[in-house]
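I opened this notebook to record what I looked up in one structure. The entries go from the whole chain to single residues.

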Amino acid sequence: MTYLAYAVAGWLFLAGSLGIARSRHLVQAIVALSIAQSGTYVLLLGVGFQRHAAAPVFTADMTIRSAVVDPVVQAMTLTDIVVSATITALLAALAVQAAKLHGTADPDDLRTLQG
């Protein structure tokens, strides 16, 4: 099961990277970046996966020998999701402003700008 998660994470990252390299529009590049970042979620969850492990919520009937999933990996995944959403929103705002100011969202046309 965990090898499948690593394969899916690698495929998502490669597909997103290829999408960034081949994009002809700023919005397409932002979506491709989001796809590449979702590969990191799958990778983190694959690293923290344990077969037949319980949730990291301790109750009185749980013993010390019970296997639990590492809560640090889950916290890192949630932090990664929040950072990804913030980056996506910032890049989308920048793409909208570039399209408003310059009339295009094509990265090749924006290279001629001087600043």
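**Entry 1: the whole chain.** I note at the outset that the model is predicted. I looked up the secondary structure and found four helices and zero strands. Read along the sequence, the pattern is α-α-α-α.

**Entry 2: dimensions.** I asked what radius of gyration the chain has, and what a compact globule of 115 residues would have. The chain has 20 Å, whereas the globule would have a value near 13 Å. I then looked up the spans of the C-alpha trace along its principal axes, which are about 65 × 25 × 15 Å.

Entry 3: Of the 115 residues in the chain, 23% are buried. The chain exposes about 8200 Å², and carbon and sulfur atoms supply 69% of that area. I also checked the contacts with a separation of 6 or more: residues 24 or more positions apart account for 60% of them.

**Entry 4: a nonpolar patch.** I asked which residues form a nonpolar patch on the surface. They are Tyr-3, Tyr-6, Leu-43 and Val-47, with about 440 Å² of accessible area together. The elements that give two or more residues to this patch are α1 (2-22) and α2. Leu-43 counts as partly exposed because its relative accessible area is 39%, which falls between the cut-offs of 20% and 50%.

Entry 5: I first took Ser-84, which lies in helix α3 (residues 71-102). Is Ser-84 buried or exposed? Ser-84 is buried, because its relative accessible area is 5% and the cut-off for buried is under 20%. Leaving aside neighbours within four places in sequence, I found Ser-84 in contact with Gln-37 and Tyr-41.

I then turned to Met-76, also placed in helix α3. Met-76 has 44% relative accessibility and therefore counts as partly exposed. I looked up the separation of the C-alpha atoms of Met-76 and Ser-34, which is 17 Å. These two residues are 42 residues apart along the chain.

**Entry 6: a loop residue.** I asked where His-52 lies. His-52 is in the loop between α2 (26-48) and α3. His-52 is exposed, because its relative accessible area is 77% and exposed means over 50%. I also recorded the phi of His-52, which is near 60 degrees, a positive value in a residue other than glycine. I noted this value because most residues other than glycine have a negative phi.

Terms used
Residues are numbered from 1 along each chain as its sequence is written. This is a predicted model: local features need pLDDT of at least 70, side-chain atom pairs count only at pLDDT 80 or more; totals for chains, interfaces and linings use all residues. Side-chain values use heavy atoms; hydrogens and water are left out. Buried means under 20% relative accessible area, exposed over 50%, partly exposed in between (1.4 Å probe, protein chains only). Contact means heavy atoms within 4.5 Å. Patches are made of residues with over 30% relative accessible area and no salt bridge: like charges are joined within 9 Å, nonpolar side chains (Val, Leu, Ile, Met, Phe, Trp, Tyr) within 5 Å. Accessible areas come from the Shrake-Rupley method with a 1.4 Å probe; for residues, only the protein chains shown count as cover. A salt bridge is a side-chain nitrogen of Lys or Arg within 4 Å of a carboxyl oxygen of Asp or Glu. The radius of gyration is taken over C-alpha atoms; the globule rule is 2.2 Å times the number of residues to the power 0.38.
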